[in-house]
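User: Good morning. I am new to this structure and would like to go through it with you. Could you show it first?
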Amino acid sequence: MVAKTKSNAKGVIPRYSPIQILNSEGELTGPSPEIKDELLLEIYKYMILGRTFDQRALSLQRQGRIGTYAPISGQEAVQVVSAMCLKEDDWMFPTYRDYAAMYVHGMPMRDLFLFPMGHPQGGRAPQNVNIYAISISIATHLPHAVGAAWASKIKGESKAFITYHGDGATSEGDFHEAMNFAGVFQVPLVTICENNGWAISLPRDHQTHSETIAQKGEAYGIPSFMVDGNDPLAVYKVVTEGLERARAGEGPTFIEAVTYRLGPHTTADDPGRYRSQEELDQMKQKDPLVRTSLYLRKLNLLSEAEEAAMWEEAKTVVGEALKAAESIAPPEPDFFFHHVYEEPTPNILKQMREFVAEEAE
C-alpha cells in the first residue's frame with residue numbers, strides 16, 4: 001500500500017512514500033484514473049472556491065466580523081475531491097476545518113460563514129443535506145460516524161459514509177474505539193486522516209512513533225492507504241475505491257492523506273512560534289492548486305483567461321454568500337440556555353435571568 005524509503009519521519013515527511021499520480025510540477029508519475037475533463041475542471045473550480053472562501057474568512061476574522069476560524073488553505077484537494085466522490089444520499093461527518101468538503105456535499109456557503117459567526121444555524125446542515133453536525137471536539141465524531149454506518153448496514157442500505165480528522169485525532173481514545181468497531185462490524189465507512197503535519201503546535205514526529213498513520217488503520221484489520229493529499233488524482237483513485245468497497249458491503253477503508261496547512265491551526269494561533277519559514281516555503285511548492293492548474297494547462301483544458309474568470313466567479317460567489325450570512329439577524333442573547341436540556345432546570349433558568357439582566361444594563 002505504501003513504499004518504504006530511507007528518509008526519516010520528521011515533521012510531515014513520512015518514512016513511507018504516499019501514493020502519488022500527479023507531482024508538484026503537474027506531471028503524471030503513474031497511470032491516471034479514468035476521470036472526465038469536465039470533472040477535472042469542476043474539481044479545480046471548487047478548489048478555487050475553497051481557497052477564496054478561506055482568504056475571505058481570514059480577513060473577516062481580523063476585522064472582527066467572525067469568530068475563531070480554522071483555515072483550510074493547502075488542504076483543498078483532499079477535501080474537494082473526496083467530497084465529489086460521494087453520492088447525494090451518502091453521509092459526511094466533518095471537523096471544524098472541512099469547509100470545502102461540506103460545501104461540495106451541499107452545505108450552503110452562507111451557513112459556512114454563519115458557523116464561525118456563532119449563529120446556531122451554521123452548526124447544522126439543511127434537512128436534505130446529509131452532513132452531520134460539525135465536530136469541534138477532537139475525534140468525538142468518529143464513533144458517531146461508525147454507529148451511523150453500522151445502523152445503515154443493519155437496515156440493508158447501500159449508503160456510504162465518510163469522515164475526516166487530523167493527525168492529532170489518532171492519539172485520542174475515540175479514534176481507536178471507532179476504528180476497532182469499524183473493523184469488527186465491517187461498516188461502510190471511509191475514514192480520512194488529513195495529516196497536515198501539525199496538531200496545533202505539535203509536529204508529526206512528536207505526535208506518534210508510528211512510521212505512518214495509515215498503519216494505525218491496518219492494526220484494526222482495515223484496508224489502509226497513504227496518499228499524497230495534495231494530488232487530486234491520487235485522492236480520487238483511493239477514495240473512489242474505498243467508497244465502492246463500502247457500498248458493496250466490503251467494510252471500511254482508512255486513508256492517510258499527507259497534506260499541509262499553509263496557515264495557522266486557527267486564527268488564535270501563531271505558527272511562526274513553532275515552525276520555520278524555510279519549512280513553509282518548501283511546502284508552498286506542493287500547493288494543490290498550483291499542481292492542478294499546471295496539469296490542466298498541459299492538457300489544454302484551461303487557458304489563463306479561463307482561470308482568471310474562475311477566480312473572479314469565486315469572489316462573486318463568496319461575496320454573495322457573506323452578504324446573505326450578514327443579513328441574518330443574530331439570535332437572542334439567551335438562546336443557548338434553551339438547548340442545554342429538553343426542559344430547563346431551575347439552575348439554568350436562574351442563570352438565564354441573571355444573564356439577560358446583565359446584558360440589559
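User: Let us take the charges first: how far apart are the mean positions of the positive and negative charges of the protein?
Analyst: They are 3 Å apart. The model is a predicted one, and the protein in it carries 34 positive and 49 negative charges.

User: What are the spans along the principal axes?
Analyst: The C-alpha trace spans about 65 × 50 × 40 Å.

User: What share of the residues is buried?
Analyst: Buried residues account for 50% of the 361 in the protein. As for contacts with a separation of 6 or more, 72% of them are between residues 24 or more positions apart.

User: Let us turn to the strands. How many residues of β5 are buried?
Analyst: In β5, 7 of the 7 residues are buried, so the strand is largely enclosed by the rest of the structure. Strand β5 covers residues 189-195.

User: Which residues lie on each side of β5?
Analyst: One side has Leu189, Thr191, Cys193 and Asn195, and the other has Val190, Ile192 and Glu194. Both faces are covered, and each of these residues is buried.

User: Why do they alternate like that?
Analyst: In a regular strand, side chains alternate between the two faces of the sheet.

User: Which strands is β5 joined to?
Analyst: Strand β4, residues 161-166, runs parallel to β5 and is joined to it by 6 bridges. Here phenylalanine 161 stands opposite leucine 189 of β5. Strand β9 also runs parallel to β5, again with 6 bridges. In that pairing, glutamate 194 has alanine 257 in β9 as its bridge partner.

User: Is β9 itself mostly covered or mostly open?
Analyst: Strand β9, residues 253-258, is mostly covered, with 6 of its 6 residues buried. Thr253, Ile255 and Ala257 point one way, while Phe254, Glu256 and Val258 point the other way.

User: What else is β9 joined to?
Analyst: Strand β8, residues 224-228, is joined to β9 by 5 bridges, and the two run parallel. Phenylalanine 225 stands opposite isoleucine 255 in β9.

User: Moving to helices, how many residues of α2 are buried?
Analyst: Helix α2, residues 76-84, has 8 of its 9 residues buried and is mostly covered. The buried ones are Glu76, Ala77, Val78, Gln79, Val80, Val81, Ser82 and Ala83.

User: And alanine 151, where is that?
Analyst: Alanine 151 lies in helix α5. Its relative accessibility is 34%, so alanine 151 counts as partly exposed. From alanine 151 to proline 188 there are 37 residues in sequence and 10.0 Å in space, C-alpha to C-alpha.

User: Now the loops. Where does tyrosine 132 lie?
Analyst: Tyrosine 132 lies in the loop between α4 (109-117) and α5 (141-154). With a relative accessible area of 31%, tyrosine 132 is partly exposed.

User: Which residues does tyrosine 132 touch, not counting residues up to four places away in sequence?
Analyst: Tyrosine 132 touches Trp91, Met92, Phe93, Pro94 and His144. Glutamate 320 is 188 residues from tyrosine 132 in sequence and 25 Å from it in space, C-alpha to C-alpha.

User: One last topic, backbone angles. What is phi of glutamine 186?
Analyst: Phi of glutamine 186 is near 50 degrees, a positive value in a residue other than glycine. Glutamine 186 is found in the loop between α6 (173-185) and β5, and its relative accessible area of 30% makes it partly exposed.

User: What about phi of isoleucine 200?
Analyst: For isoleucine 200, phi is near 60 degrees, again a positive value in a residue other than glycine. Isoleucine 200 is found in the loop between β6 (198-199) and β7 (202-203). At 43% relative accessibility, isoleucine 200 is partly exposed.

Technical notes:
Residues are numbered from 1 along each chain as its sequence is written. This is a predicted model: local features need pLDDT of at least 70, side-chain atom pairs count only at pLDDT 80 or more; totals for chains, interfaces and linings use all residues. Side-chain values use heavy atoms; hydrogens and water are left out. Buried means under 20% relative accessible area, exposed over 50%, partly exposed in between (1.4 Å probe, protein chains only). Contact means heavy atoms within 4.5 Å. Lys and Arg count as positive and Asp and Glu as negative; His and the chain ends are not counted. The place of a charge is taken as NZ of Lys, CZ of Arg, CG of Asp or CD of Glu. Helices (H or I, at least four residues) and strands (E, at least two) are DSSP runs, numbered from the N terminus. Two strands pair if DSSP finds at least two bridges between them.
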